[in-house]
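Please consult the sequence and the model shown below. The briefing that follows is grouped by topic.

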Amino acid sequence: MLVHLSIHNYAIVDHLDLELDAGMSAISGETGAGKSIMLDALGLCLGDRADSGVVRPGSDKADILASFDLADIPEARTWLAERDLDSDGPCILRRVITAEGRSRGYINGSPCPQADLKALGELIIDIHSQHEHQSLLKTDTHRRLLDEYAGSQDLARQVQLAAQRWKQTRNELERISSQSDEQRARHQLLSYQLEELENLALGDNELEQLEQEHKALSNAEALLAACRQVLDLCSESDAGNVLSALTASLNRLGAFGGQGGTLNEASNLLASAQIQVEEAVGELNRFLDHFDANPERQQFLEERLDTIYTLARKHRIQPAELAALQQQLFDEIEGLNADDQASERLAEELAAYERHYLEKAAELSTLRSNAAERLAAAVEQEMQALGMPGGRFNIQLQAMSSEEPHASGLETVEFLVSANPGQPLRGLAKVASGGELSRISLAIQVITAQTSRVPTLVFDEVDVGIGGPTAEVVGQLLRRLGERGQVLCVTHLPQVAAQGHQHLFVHKRRGEDATSTAVSKLDESGRVEEIARMLGGVDLTEESLAHARKMVTSAQAA
């Protein structure tokens, strides 16, 4: 609940520190004293929009701070913990607005965007006014209140989670499926190309060996002629050859054996040359003996090389890169196959999520349907007590138009009302009279207060347009709400103010140079005097004071 409100330099408020208690706090004061200013300032801490016009003239900034006890609001504590904003003490919301129009928000001392203030504010306080019934005008709130009344919050969260998982899975499946036609065409092309490469079956180093062999076969005649010519020059020519020349040279020098020195060295070198030439002749003979100038082999080599070169040109790569291309195509096909498997898996998951959703959503629909009738009857009874004889209240559960899983469940929930006999049931947001809307909202809050997640309710002049016995009933209802949590009620009616557990009096404090707003917590005698003033007496009389005292005493004794 709201335990402390501090306002500095806001509108006509110079400085205001207000301690607030549980129960119903009636807030009264003369018109223009600034009763609604407090609630407007509180609204800024809860994420309302602000401008520089709210800064007190002569000040550089307005500073508003609100402290909340979240002991009974687990949703708010969870919200803070998820964002690392929780603290051991009270939750402090702060808003600073500069005279230049800049605005800063803080949660427990940490800077935060306005949207975070608003999101947290909706969990801890609900503000109602004649013209702005915040959450009760939203069908999302209707659904939440019905689920809380039915005790189905956990089931509703399961339905929401199942719908979210279904949607995420469907989006992923659609992403993969949207590429399926293109992927199938790509898969077909890759399979054909990979089949060509696999049929080619190019071995390791095969290309290099083929090229060498082909080169040798292509130059066969010239090569054979060259080899024979070399043999002739080295050993076979009758006109003279290398070996015979070397032999003759060795014989010639041998006639001068025993000379030693360089002559022996020369003889040794000639002998070595003779041996090497003989070995070279042997190698050439062996080459000629084994050389096969087979034209069929040459044709095979040419066809094989042509196949390799053609496939390389087709893929616009070098022949030596064909093996790497084959691996690349294989990897890409494996990736496409994985997508196909993922698509099948996602389709199975999607069906499972849908079955789970339908099961939980059907359970939720049953609980909602059973609770809607009870809640509608209870609210309608309160409407009758609030001076709307013949008023009707109904909760409409309408099936979703879409068959897709929805986070809200299988149906929409909307509160329908008819404030007067003979009028058709209409949506709560379409009720024309602000006073009627206030009383209907009050009736709904009275019934749902025991299960509502918002423990602090603020009513800003919800009693406009009512009086007499109805005003007393409104006060009694607000007091009942206060007994279950915290109610702050700005009122002009003494019947309502008398029901408060405590009474705050808003008044203007006039100084020599400026006027400011002040708030006082009234004691027993002060309450009696204020309610007597609200009864219409300019001058307080014993009769008005006695009447006021009786009203307060009766309310406290009820």
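Predicted model: local features only at pLDDT ≥ 70, side-chain atom pairs only at ≥ 80, totals over all residues.

Alanine 377 is found in helix α12 (residues 322–385); helices (H or I, at least four residues) and strands (E, at least two) are DSSP runs, numbered from the N terminus. Alanine 377 is partly exposed, with a relative accessible area of 47%; buried means under 20% relative accessible area, exposed over 50%, and partly exposed in between (1.4 Å probe, protein chains only).

Residues are numbered from 1 along each chain as its sequence is written, and side-chain values use heavy atoms, with hydrogens and water left out.

**Overall form of the chain**

- The secondary structure of the chain comprises 17 helices and 15 strands.
- The C-alpha trace spans about 170 × 60 × 35 Å along its principal axes.
- The chain has a radius of gyration of 49 Å, whereas a compact globule of 558 residues would have one near 24 Å; the radius is taken over C-alpha atoms, and the globule rule is 2.2 Å times the number of residues to the power 0.38.
- Of the 558 residues in the chain, 43% are buried.
- Among contacts in the chain with a separation of 6 or more, 70% come from residues 24 or more positions apart; contact means heavy atoms within 4.5 Å.

- Glycine 203 is placed in the loop between α6 (180–200) and α7.
- With 31% relative accessibility, glycine 203 counts as partly exposed.
- The C-alpha atoms of glycine 203 and glycine 427 are separated by 80 Å, and these residues are 224 residues apart along the chain.

**Packing of α7 with α11**

- The axes of helix α7 (residues 206–218) and helix α11 (residues 295–314) come within 10 Å and cross at roughly 135°; axes are lines fitted to C-alpha atoms, for helices over the stretch in contact, and angles run from 0 to 180 degrees between N-to-C directions.
- That angle makes α7 oblique to α11; angles under 35 degrees count as roughly parallel, over 145 as roughly antiparallel, 65 to 115 as roughly perpendicular and the rest as oblique.
- The crossing of α7 past α11 is left-handed; a crossing is left-handed if the near helix is turned anticlockwise from the far one by less than a right angle, and right-handed if clockwise.
- Residues of α7 in the contact include Leu207, Leu210, His214 and Leu217, and those of α11 include Leu301, Leu305, Ile308 and Tyr309.
- The residues of the contact of α7 with α11 divide into 7 nonpolar, 3 polar and 6 charged; Ala, Val, Leu, Ile, Met, Phe, Trp, Tyr, Cys and Pro count as nonpolar, Asp, Glu, Lys and Arg as charged, and the others, Gly among them, as polar.

**Packing of α2 with α3**

- α2 and helix α3 (residues 114–124) pack at an angle of about 155°, with their axes 8 Å apart.
- That angle makes α2 roughly antiparallel to α3.
- The crossing of α2 past α3 is left-handed.
- Glu75, Ala76, Trp79 and Leu80 of α2 meet Asp116, Ala119, Leu120, Leu123 and Ile124 of α3.
- The contact of α2 with α3 has 7 nonpolar, no polar and 2 charged residues.

**Helix α16 and its surroundings**

- Gly526, Arg527, Val528, Glu530, Ile531, Ala532 and Met534 are buried in helix α16 (residues 524–534).
- These buried residues pack against β3 (23–29), α15 (494–497), β14 (502–510) and α17 (542–557).
- The axes of α16 and α17 come within 8 Å and cross at roughly 120°, and α16 passes α17 in a right-handed crossing.
- Among the residues making this contact are Val528 and Ile531 of α16, with Leu545 and Met551 of α17.
- The residues of the contact of α16 with α17 divide into 7 nonpolar, 2 polar and 4 charged.

**Positive phi outside glycine**

- Aspartate 84 has a positive phi of about 55° although it is not a glycine.
- Aspartate 84 lies in the loop between α2 (74–82) and β5 (91–98) and is exposed, with a relative accessible area of 68%.
- Asparagine 108 also is a residue other than glycine with a positive phi, near 50°.
- Asparagine 108 sits in the loop between β6 (103–107) and β7 (110–112) and is partly exposed, with a relative accessible area of 22%.
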